[in-house]
Protein chains: 2
Amino acid sequence: MSARILDGKSVANAVLEEIGDEVTAAAAARPPSLAAVLVGDDPASRVYVRNKMKACDRCGIGSRLEQLPASASDAQVAEVLQRLNADDEVDGILLQLPLPAGIDSDALLRLLDPTKDVDGLHPVNLGKLVADDSSGFVPCTPAGIVELLRRYEIDLAGRRAVILGRSNLVGKPLALLLLRRAAVGNATVTVLHTRSRDIPERIREAEVVVAAAGSARFVQGAWLQPGATVIDVGIHRLPGGESGRARLVGDVDFAQAVEVAGAITPVPGGVGPMTVAMLMRNTALAWRRKRLA
Amino acid sequence: MSARILDGKSVANAVLEEIGDEVTAAAAARPPSLAAVLVGDDPASRVYVRNKMKACDRCGIGSRLEQLPASASDAQVAEVLQRLNADDEVDGILLQLPLPAGIDSDALLRLLDPTKDVDGLHPVNLGKLVADDSSGFVPCTPAGIVELLRRYEIDLAGRRAVILGRSNLVGKPLALLLLRRAAVGNATVTVLHTRSRDIPERIREAEVVVAAAGSARFVQGAWLQPGATVIDVGIHRLPGGESGRARLVGDVDFAQAVEVAGAITPVPGGVGPMTVAMLMRNTALAWRRKRLA
């Protein structure tokens, strides 16, 4: 038996279409706009930013790119962010992470206008997640996972969800989301990390497993409970085999897991496109809030 | 065998003494000061505020009480908070919760100057907890639990901690704290709540149990793993027996649990005094930060 594939790519496309429809319907108004800030020339970051700008195009969101050299100072990045904060034509600001070594990302994130922080990483927005206050923005990867579970009608209430990874970007905010009294929520949530003991046994206890370990093909098929839902947040580039082409894999050994799980996200085409779609949704939300304010 | 008693009262006293020493040593400077805002006449809230002001006296922190009638409007409470925000002689502001029905606590908490929010409930401070940014304030009850575990040298690294309760004040912030890469941290953390299944079995898996269920004597001794550390956050007033005096009990059946656990907090005299001590520590921290700024 093979698991149902949770097709993040097609769900993401549906989300982009819905946003496109809303933007078209509000034709009289200025369309939403996103400003992406890219510092340095990390090739992966360039690809991510380009994908996000393509998604903007696809749903009628205007976008602009602010590029700074890897040698930029904290003050220079801060100046760009403050200019974008002050610009009424900019609804959302995306500071692409990671920033070059030596730049204080946390201090820069705190400079963002929280009402334009469409990545949901300003402390005010993370705090609203703890306080169950829906006036903020939810970080895009955790929001994308919740949206994927929602569209596939995977019920979490009372079920055991295990999150592997305690990062600020994924593990911790996702734990808060899955605990909420909400349609996709009410789970019994456990967070595992590098210091956790007996990780295979803990994963086997879970009806929903979210792998955000940052380690290629870490989660083995034999660790899974038969029928579990498996969400793979990882993305790793492995050197090519005979064909010579690089291969993308996740934090889960997909070939093994697909035989045991009840449902699983592929890599690529699972969580990745959902993350981008949620950035679009947050940008549209920022734009809508500004119009209604 | 009977569990070791984690004596919150005497640890809290030690914390207050340390604060008192620091305040005395800084004799030249204005001592720290806390402003408590009490709206309405809930008897429990009056007792809590009085206890907090007594603790201020004991460690040399100045305190003042701002009282408003139960009929006060949101705007009237807001005005008091904004006056205290602007007052340079006030280091910490405590808005005693719960507020009377109809008042929007969340909106009022958001008005607090985050640098004076010594209860740690402003979204910025909750968000700093998610982001592992130590420049904020940690909510007092979770901070008190961590401090108690620290002083009793109870190691959590790699151990399973189960938190019963997902409140914004205790369960969620405590989960974030116990996950941190910190001396009292690195635990495998599970959060249970009213929608969780098989609560007794889940509690039995834990080496550390934190009961913040809001239900008197909910946790039974038979649910515990022998040797577990049990932290009881609850406080409930039961009608008196033959003696006629009311009795305080926690969320744990203490008489049963003390025979199974390795260590346990009593009620009263466990988490309660630690919560007050952490409010003092946060107030002293706000004062110190202002002097160093």
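In the predicted model, strand β5 of chain A is joined by 5 bridges to strand β6 (residues 188–192) of chain A, the two running parallel, where strands are taken to pair if DSSP finds at least two bridges between them. Helices (H or I, at least four residues) and strands (E, at least two) are DSSP runs, numbered from the N terminus. Within this pairing, A:R160 stands opposite A:T188 of β6(A).

Because 5 of the 5 residues of β5(A) (residues 160–164) are buried, the strand is largely enclosed by the rest of the structure; a residue counts as buried if 20 or more other C-beta atoms lie within 10 Å of its own, as exposed if 12 or fewer do, and as partly exposed in between, with C-beta atoms placed from the backbone. In a regular strand the side chains alternate between the two faces of the sheet. Both faces of β5(A) are covered, with A:R160, A:V162 and A:L164 buried on one side and A:A161 and A:I163 on the other.

Helix α2 of chain A (residues 43–59) comprises 17 residues and reaches 25 Å from its first C-alpha to its last, close to the 24 Å expected at 1.5 Å a residue, the expected span being 1.5 Å times one less than the number of residues. In α2(A), the residues A:K52, A:A55, A:C56 and A:C59 are buried. They cover an arc of only 105° around the axis, which puts them on the same side of α2(A); the arc is that of the directions from the helix axis to the C-beta atoms. The cover over these buried residues includes α1 (8–25), β2 (33–39), β3 (62–68), β4 (92–95) and α10 (271–292) of chain A, whereas the face turned away from the buried side carries the exposed residues A:P43, A:V47, A:K54 and A:D57. After α2(A) comes A:G60, whose phi is positive, near 80°.

Residues are numbered from 1 along each chain as its sequence is written, while chains are lettered from A and ligands numbered from 1 in the order in which they are written. As the model is predicted, local features need pLDDT of at least 70 and side-chain atom pairs count only at pLDDT 80 or more, whereas totals for chains, interfaces and linings use all residues.

Technical notes
Contact = placed C-beta atoms within 7 Å.
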